[in-house]
Structures are given as C-alpha cells and as structure tokens.
Amino acid sequence: MERKSPVFTAFIYLCALLLAAVILAPLAWLFIMSISPPADLAAKPLRWWPEAVDFSRYGTLLSMAENSAGAAFTSSLRNSIEVAGMATIVALALAVPSAWAVSRTPSVGWSLYMVIATYMLPPVALAVPLYMGLAYLGLLNNVFGLALVYLTILAPFTTWLMKSGFDSIPREIEQAAMMDGAGLFATLRIITLPLAAPVMATSALFAFLLAWDEFFYALLFTSDQRAKTLTVAIADLAGGRVSDYGLIATAGVLAALPPVVVGLFMQRALISGLTSGGVKG
C-alpha cells in the first residue's frame, strides 16, 4: 500500500481548512451582522463581534403583523418556495423523458444543443417577448407566470444534466428487461429511473437553486406581495436612503436556510450524482 508522508497529509488538511474558511467566512460575517446592534455596524474601527447580541431583527422579519416588514418578507418567502418548487418539479417532469430520448437516440442530440445555445442570449434580450407573452396570458405579477418563465430556463439545464446520467446507464440493461417482456414504461420505472435517481436529485437541487436565486425576471414581472420573491424583497430592504444593514443581513441568513436544508437532506444523493459516471468498470 502507498504510504503518505505526515507533511503531505498536514498540507492536505491545511488546504481543506483554508478552503472551508474562504467559503464559510462570508456566511459567518453575514450572521454576525444580523445580530449586531446598528452602532456596532457603524463603529470605527470595525468590531468583529458585537458587545451585545441582538436577535430582534429575526423577530421583525418573521412577524406576521399586517403591513409590517415581517409580513412582506414571509409572503416573499412563500412565493419563492412556490415558484422554485413548481418550476423544479415541472422541469424534471419534462427533462426525464427528453434526456432519455436524446441519450438513447444520439441522432437527435443536435436539438438539445440548439436549445442550450439559447443560454448565450443575455436575459434582457428575452425580457420584452416574455413580458408581452405573460401580459397576453394575464400572468404578470403571478407566481404561476413567474414559474413558467423559470421553466424556460430550468428545462434545458435539467435535460442536459439528466442526459449525462442516462449516458452512464448501459443500454444492455434496458434491452435485457425488454427481452424478458417488460414494456418501455415498465423498463423506465423499474430499471432506468432507480439507477438515475442520484442524477435526478442533483438536477433537482441545482434547478431549485437557480430558481431560488433568480433576480432579474422576478424584478421585471412582479410588482407586489402577490408574486414578489425573496431576492426582490431583499433588494427592497436596501432601496431606501437609510438602510439597516443588519436587517439586510438577517434577510440573507433566513433566505439561505431553505436551500441549505434541501442540500443537507439530499446530500448523499447529491454526492452520488456528482460522481456518477466518473468511474466505469
């Protein structure tokens, strides 16, 4: 067996700690800002830890009082969950059969690459036709309309990810199932989809994060709390002449929690999906 020197092992751990610090430091500072009094945030020199911990901003944003900042924030949180959830579910429903068809029929692969080529267009170039389409359908300032816009972004992306997962599944397994009498849909349900489950979970997570973090279209196509999402609500907190940076940081911490929870819940499937196809035996 190959033996690694203690110096090399220590170097590896040092690099891992450095990477973790670079990634987690902004999140830690965001949390510290959220519990710091306004005086500490404006103090010079900067105070890296508040003299008195203040969690009142969390109560403010989670308050359900009518016409309050908390009511606007919780409404935007609910809208983000609904829009991202609907767009992700429908994108997966479209991506699974599309990706399987492209994977098993390489001659039509050009169609997927043509659709993905639309990502080269800047979002502002699609803003006017999308706006006119939503206006015609009466879906402006509507969570379903915004989810439909997000679907145009997520469907090609999830199809491309899912295709790589189906490519790693040998066709001979499906052919053997069909020779034993299984139909196409039975083969997909019993053989293919269970093997592709890790990649499906990875695609769902990335699609959800894309929809959760989207700002441009949400800003253009929403106007009030009926459809406004978290990204726009946080921007509204910073839109005044006098901004409470601690309140903005608190909103950022709360907005980060749902994706973190989803990521932790799907951690095992995510790692398996990211490494799928990396080793072939």
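**Entry 1: ground rules**

I call a residue buried when its relative accessible area is under 20%, exposed when that area is over 50%, and partly exposed in between, using a 1.4 Å probe and protein chains only. I am working with a predicted model, in which local features need pLDDT of at least 70 and side-chain atom pairs count only at pLDDT 80 or more, while totals for chains, interfaces and linings use all residues. Residues are numbered from 1 along each chain as its sequence is written, and side-chain values use heavy atoms, with hydrogens and water left out.

**Entry 2: N141**

I started with N141, which sits in the loop between α6 and α7. Helices here are DSSP runs of H or I with at least four residues, and strands are runs of E with at least two, numbered from the N terminus. Is N141 buried or exposed? I noted it as buried, because its relative accessibility is 11%. Its phi is near 55°, a positive value in a residue other than glycine.

Next I looked at Y136, found in helix α6. Y136 has a relative accessible area of 74%, so I put it down as exposed. I also checked its distance to A182, a residue 46 places away along the chain: the C-alpha atoms of Y136 and A182 are separated by 45 Å.

Then I moved to S36, in the loop between α1 (6-34) and α2 (38-41). S36 is buried because its relative accessible area is 4%. Which residues does S36 touch, leaving aside its neighbours within four places in sequence? I found L41, P50 and R57 in contact with S36, where contact means heavy atoms within 4.5 Å.

I checked pLDDT, the predictor's confidence in each residue, from 0 to 100. The protein chain averages 85, and 92% of the residues score at least 70.

**Entry 3: the largest pocket**

Now for empty space. Rolling a probe the size of a water molecule over the atoms shows where such space is left. On a 1 Å grid over the protein atoms alone, a cavity is a set of points where a 1.4 Å probe fits but cannot get out, and a pocket is an open set with protein on both sides within 12 Å along at least five of seven lines; lining residues have an atom within 4 Å of a point. Grid points are joined across faces, edges and corners, and a volume is the space filled by probe spheres set on the points.

The largest pocket holds about 380 Å³ of space. I counted 16 lining residues, with Y119, P123, L126, I153 and Y217 nearest the centre. Helices α6 (123-137), α7 (143-167) and α10 (197-213) are the elements that give two or more residues to this lining. Which element gives the most? It is α7, with five residues. By class I noted 13 nonpolar, two polar and one charged residues in the pocket lining. Here Ala, Val, Leu, Ile, Met, Phe, Trp, Tyr, Cys and Pro count as nonpolar, Asp, Glu, Lys and Arg as charged, and the others, Gly among them, as polar.

**Entry 4: the cavity**

I found one cavity of 30 Å³ or more, and the largest cavity has a volume of about 40 Å³. Its lining is S80, V83, A84, Y150, A211, W212, E214 and T229. Helix α4 (69-104) gives the most to that lining, with three residues.

**Entry 5: salt bridges**

Side chains of opposite charge can pair when their charged atoms come close. I counted seven salt bridges, each a side-chain nitrogen of Lys or Arg within 4 Å of a carboxyl oxygen of Asp or Glu.

D236 pairs with K228, the closest N and O atoms being 2.9 Å apart. K228 is buried at 11% relative accessible area, and D236 is partly exposed at 42%. Salt bridges that share partners join D40, R47 and E51 into one network. Within it, R47 and E51 have their closest N and O atoms 3.6 Å apart. R47 is partly exposed at 35%, while E51 is exposed at 66%.
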